[in-house]
Amino acid sequence: GAPLQEAALQASRRRQSARTQMMVSSVAVKIARVPADTSLLFPTNARRLTRFMMEETYGGCRPLSAAWAQRGVLDATADSDFYSRLAYYESMRTEGRPRGSIFQALAADGSLCGFADVGAHLWLPNDGVHRLPDSEDLQRLASTGIGADGAPKTDVVLRPYVSNLVVSSSLRRCGIGRRLLAACE
């Protein structure tokens with residue numbers, strides 16, 4: 001009856017947990033902060049994150065197809081976004097006001113096997129969105145609580161926000177995402 005089914009389910013969960021623990025210990029990864037790119041024309045770190053995210057999230061696409069054309073636009077947008085985020089995080093860290101990081105999981109051979117982005121974002125309740133305070137107006141709002149219109153915005157606050165948690169499909173359920181989130185904390 002029910003007690004036997006429950007016991008079998010618990011035993012199955014213990015076996016799965018043991019397998020997951022073995023996989024985690026067998027996957028040697030190093031968690032490190034992604035440095036900001038120094039060249040806007042050749043943003044190697046931003047481009048690397050973009051390529052990894054697109055491949056692991058959407059997979060490949062046939063050249064000269066509609067998906068391939070759309071992917072080019074998505075790649076350019078993501079490259080720009082990652083470049084801006086890395087530059088913002090670095091500049092705030094340099095000023096002694098750390099506001100976030102992108103952490104990467106690197107395999108023993110140096111290949112990227114996952115990453116997570118965490119930042120102190122502004123919660124904008126009127127828009128229902130989190131925004132990275134990377135413009136002058138948003139930085140002023142984050143530090144003083146005064147909006148662009150000069151009025152106080154008491155409901156706008158900085159909150160931690162994790163985005164773009166991506167792990168290689170071949171290494172999922174091995175604890176890499178958990179380690180990336182621990183680094184974010």
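Asn-164 is partly exposed, because its relative accessible area is 25%, and the term covers values between buried (under 20%) and exposed (over 50%), computed with a 1.4 Å probe on protein chains only. This is a predicted model, in which local features need pLDDT of at least 70 and side-chain atom pairs count only at pLDDT 80 or more, while totals for chains, interfaces and linings use all residues. Residues are numbered from 1 along each chain as its sequence is written, and side-chain values use heavy atoms, leaving out hydrogens and water.

**View A. Asn-164 and Arg-173 have positive phi angles.** Most residues other than glycine have a negative phi. Asn-164, however, has a phi near 55°, and this residue is found in strand S5 (residues 157-167). Strands are DSSP runs of E with at least two residues, helices are runs of H or I with at least four, and both are numbered from the N terminus. Arg-173 has a phi of about 65° and sits in the loop between S5 and helix H5 (176-184). Arg-173 counts as exposed because its relative accessibility is 62%.

**View B. Arg-71 and Asp-75 form a salt bridge.** A salt bridge is a side-chain nitrogen of Lys or Arg within 4 Å of a carboxyl oxygen of Asp or Glu. Here the N to O distance is 3.8 Å. Both partners lie in helix H3 (residues 66-94), four residues apart, which is about one turn of the helix.

**View C. Asp-117 and Arg-85 meet in a salt bridge of 2.8 Å, N to O.** This pair links distant parts of the chain: Asp-117 belongs to strand S3 (residues 112-124) and Arg-85 to helix H3, 32 residues apart. Both residues are buried.

**View D. Asp-149 and Lys-153 meet in a salt bridge of 3.0 Å, N to O.** Asp-149 is exposed, with a relative accessible area of 56%, whereas Lys-153 is partly exposed at 28%. In total, the structure holds ten salt bridges.

**View E. Arg-99 is buried yet has no salt bridge.** You will find Arg-99 in the loop between H3 and strand S2 (100-107). The nearest side chain of opposite charge, Glu-95, is 7.9 Å away; Lys and Arg count as positive, Asp and Glu as negative, and His and the chain ends are not counted. Leaving aside neighbours within four places in sequence, Arg-99 has contacts (heavy atoms within 4.5 Å) with residues including Tyr-88, Tyr-89, Met-92 and Leu-158.
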